[in-house]
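Here are my comments on the model you sent over, point by point. Have the structure open while you read.

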Amino acid sequence: MVHTLKEQDLKMDEGFNAKPKKFVIWLFVVSSTIMFGGFTSYYIVFAASKGKGHGLVLPEVFMYSTAVLILSSICLFMASRALKAGNLSAQKLLLMATFVLGCVFGYLQFDAWSALFHTGAAMVNNNAAISMIYIVSGMHLLHIFAGLCMVLNALFGAYKEMSLEKRKYRMEIASIFWHFIDILWIYLYVFLLLNS
């Protein structure tokens, strides 16, 4: 049975203002962008001074994890559309799919680190560019964890009795952050591919 949502079924929350709360998320997005920009700048400076990049063939698992993350973003986008259409059943299912795909991404990152380590590319070594692969992917994985918490928050909101404004707010902050970490990973992956 498909559970649909009608605006008149929910209490309107006139006092709820999402703008200041969304501003905090955007502030975090901007500060994270600056931090990762710093990491990649350091990588470029190091590579230029030493005349070498990381010199590795990146594990194929990174490519698979990128595909998984893109698929998770598509699921989250469709979950937002489902909420706007009032289809709560589809929203819940798509949020669960996003969460599971995010967990799969995390597993694949650990698998990629294991593959790197088994080729002799340890985090602590005489080439800081190799260390940066672990650092940027590890910091990104921390952002994935934060994003998963936001997706869970939106999923719990889909099961709770709350105003439509609050439901939409939970979906919006999860979407803003999740799509950001998706784009960020694509940038980092392409950056590491091009600067080997």
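**Notes on the model**

1. Let me begin with E172, which is partly exposed at 32% relative accessibility. For the record, buried is under 20% relative accessible area, exposed is over 50%, and partly exposed is in between, with a 1.4 Å probe and protein chains only. E172 and K22 join their side chains in a salt bridge, 2.3 Å from N to O. The term asks for a side-chain nitrogen of Lys or Arg within 4 Å of a carboxyl oxygen of Asp or Glu, and by that rule the count is 1 salt bridge. The pair ties together distant parts of the chain: E172 sits in helix 5 and K22 in helix 1 (residues 19-50), 150 residues apart. K22 also counts as partly exposed, at 22%.

2. Some ground rules before going on. This is a predicted model, where local features need pLDDT of at least 70 and side-chain atom pairs count only at pLDDT 80 or more, while totals for chains, interfaces and linings use all residues. Residues are numbered from 1 along each chain as its sequence is written, and side-chain values use heavy atoms, with hydrogens and water left out.

3. The overall layout: the protein chain has 5 helices and 0 strands, running α-α-α-α-α from the N terminus. Helices here are DSSP runs (H or I, at least four residues), strands are E runs of at least two, and numbering starts at the N terminus. Of the 196 residues, 47% count as buried. Among contacts with a separation of 6 or more, 83% come from residues 24 or more positions apart; contact means heavy atoms within 4.5 Å.

4. Now the aromatics. There are 10 aromatic pairs in the structure. Rings of Phe, Tyr and Trp (its six-membered ring) pair if their centres lie within 6.5 Å; planes under 30 degrees apart are stacked, over 60 edge-to-face, and the rest tilted. One of the pairs is F62 with W185, tilted, at 5.5 Å centre to centre and 50 degrees between the planes. This one links distant parts of the chain, from F62 in helix 2 (residues 60-85) to W185 in helix 5 (residues 164-194), 123 residues apart. F62 is buried at 0% relative accessible area, and W185 is buried at 1%.

5. How are the rings of F105 and W185 arranged? Their planes stand at 80 degrees with the centres 5.7 Å apart, so this pair is edge-to-face. Again distant parts of the chain are linked: F105 is in helix 3 (residues 88-118), W185 in helix 5, 80 residues apart. F105 is buried too, with a relative accessible area of 0%. Ring pairs join F62, F105, W185 and Y189 into a cluster.

6. Another ring worth a look is Y159: K92 lies over its face, 4.2 Å from the ring centre. The rule for a charge over a ring is NZ of Lys or CZ of Arg within 6 Å of the ring centre and within 35 degrees of the ring normal.

7. On the outside, please check the nonpolar surface patch made of I70, L71, I74, F77, M78, I186, V190, L193 and L194, about 790 Å² of accessible area together. Patch members have over 30% relative accessible area and no salt bridge; like charges are joined within 9 Å, and nonpolar side chains (Val, Leu, Ile, Met, Phe, Trp, Tyr) within 5 Å. Areas are Shrake-Rupley values with a 1.4 Å probe, and for residues only the protein chains shown count as cover. Helix 2 and helix 5 each give at least two residues, with the largest share, 5 residues, coming from helix 2. L193 belongs to helix 5 and is partly exposed at 42%.

8. A121 lies in the loop between helix 3 and helix 4 (128-159) and is buried at 3%. H143, in helix 4, is buried at 5%. Not counting residues up to four places away, H143 touches F28, S32, M35, F36, F177, F180 and I181.
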